[in-house]
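Morning, everyone. Please have the sequence and the model open on your screens. I'll keep this quick.

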Amino acid sequence: MYEFGEIVLVSVQFTDTFEIKKRPALVLFEEQRNVVVVGITSNLKMKGIFLYKKEGAIRDSIIKLNYIFTISEKMIEKVLFKLSSQKKNLFKKEFLNKF
């Protein structure tokens, strides 16, 4: 079972092509073997929450608050690391501000 704050490696299809790539994502929650995640990008020009190498990321990245999607748990290859409590709280605050 996956839980909020885990950064996982997932196979995702890009919205503008049929190409499938492995990308990191932040788990929001899991329900009935479906996992709701938020995409992560290494494009530091995008808006979102910074995620740094020193926190466990492979490279400095951005958690994209505007890229939420649901995947099957079968699409998750592995858990990469877990966010700190401080970073999870920052995400919650920024995410709720969008609403």
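I'll go through charged pairs, a loop, a surface patch, a helix and a pocket. One thing before we start: this model is predicted.

Let's begin with charge. Side chains of opposite charge can pair when their charged atoms come close. How many salt bridges does the structure hold? Four. I'll show you three of them, including the one between Lys-21 and Glu-19.

In that pair, the closest N and O atoms of Lys-21 and Glu-19 are 3.7 Å apart. That counts as a salt bridge because the cut-off is 4 Å. How open are the two residues? Lys-21 is partly exposed, at 30% relative accessibility. Glu-19 is partly exposed as well, at 41%.

Next, find Glu-77 and Lys-22. Their side chains meet in a salt bridge, with 2.4 Å from N to O. This pair links distant parts of the chain. Glu-77 sits in strand 6, which covers residues 76-82. Lys-22 sits in strand 2, residues 20-31. Glu-77 has 44% relative accessibility, so it counts as partly exposed. Lys-22 has 45%, so it is partly exposed too.

Now the third pair. Arg-33 forms a salt bridge with Glu-73. Here the closest N and O atoms are 3.7 Å apart. Which parts of the chain does this pair tie together? Look at the loops. Arg-33 lies in the loop between strand 2 and strand 3, the latter being residues 34-41. Glu-73 lies in the loop between strand 5, residues 61-72, and strand 6. So the pair ties together parts that are 40 residues apart in sequence. Is Arg-33 buried or exposed? Exposed, because its relative accessibility is 60% and the cut-off is over 50%. Glu-73, at 25%, is partly exposed.

Most residues other than glycine have a negative phi, and most peptide bonds are trans. Now check Arg-33. Its phi is positive, about 70°, although Arg-33 is not a glycine. Then check Gln-32. Its phi is near 50°, again a positive value in a residue other than glycine. Gln-32 also lies in the loop between strand 2 and strand 3. Gln-32 is exposed, at 71% relative accessibility.

On to the surface patch. Which residues form a nonpolar patch on the surface? Leu-44, Phe-50 and Tyr-52. Together they have about 250 Å² of accessible area. Leu-44 lies in the loop between strand 3 and strand 4, which is residues 49-51. At 40% relative accessibility, Leu-44 is partly exposed.

Asn-43 is found in that loop between strand 3 and strand 4 as well. Asn-43 is partly exposed, at 36%. Now try a distance. Asn-43 and Leu-26 are 17 residues apart in sequence. In space, they are 16 Å apart, C-alpha to C-alpha.

Now the helix. Helix 1 runs over residues 85-97, and Lys-87 is found in it. Is Lys-87 buried or exposed? Buried, because its relative accessibility is 11% and the cut-off is under 20%. What does Lys-87 contact, leaving aside neighbours within four places in sequence? Ile-49, Phe-50, Leu-51 and Glu-55. You met Phe-50 in the nonpolar patch.

Phe-95 is in helix 1 too. Phe-95 is buried, at 17% relative accessibility. Not counting residues up to four places away in sequence, Phe-95 touches Leu-65 and Ile-68. Now take Phe-95 and Gly-48. They are 47 residues apart in sequence. From C-alpha to C-alpha, they are 9.4 Å apart in space.

Rolling a probe the size of a water molecule over the atoms shows where empty space is left. The largest pocket holds about 290 Å³ of space. It is lined by 16 residues. Which of these are closest to its centre? Arg-23, Pro-24, Ile-58, Arg-59 and Ser-61. Strand 1, residues 6-13, supplies at least two residues of the lining. So much for one strand; strand 2, strand 3 and strand 6 each supply at least two as well. Which strand gives the most? Strand 2, with three residues.

Technical notes: Residues are numbered from 1 along each chain as its sequence is written. This is a predicted model: local features need pLDDT of at least 70, side-chain atom pairs count only at pLDDT 80 or more; totals for chains, interfaces and linings use all residues. Side-chain values use heavy atoms; hydrogens and water are left out. Buried means under 20% relative accessible area, exposed over 50%, partly exposed in between (1.4 Å probe, protein chains only). Helices (H or I, at least four residues) and strands (E, at least two) are DSSP runs, numbered from the N terminus. Patches are made of residues with over 30% relative accessible area and no salt bridge: like charges are joined within 9 Å, nonpolar side chains (Val, Leu, Ile, Met, Phe, Trp, Tyr) within 5 Å. Accessible areas come from the Shrake-Rupley method with a 1.4 Å probe; for residues, only the protein chains shown count as cover. Contact means heavy atoms within 4.5 Å. On a 1 Å grid over the protein atoms alone, a cavity is a set of points where a 1.4 Å probe fits but cannot get out, and a pocket is an open set with protein on both sides within 12 Å along at least five of seven lines; lining residues have an atom within 4 Å of a point. Grid points are joined across faces, edges and corners, and a volume is the space filled by probe spheres set on the points.
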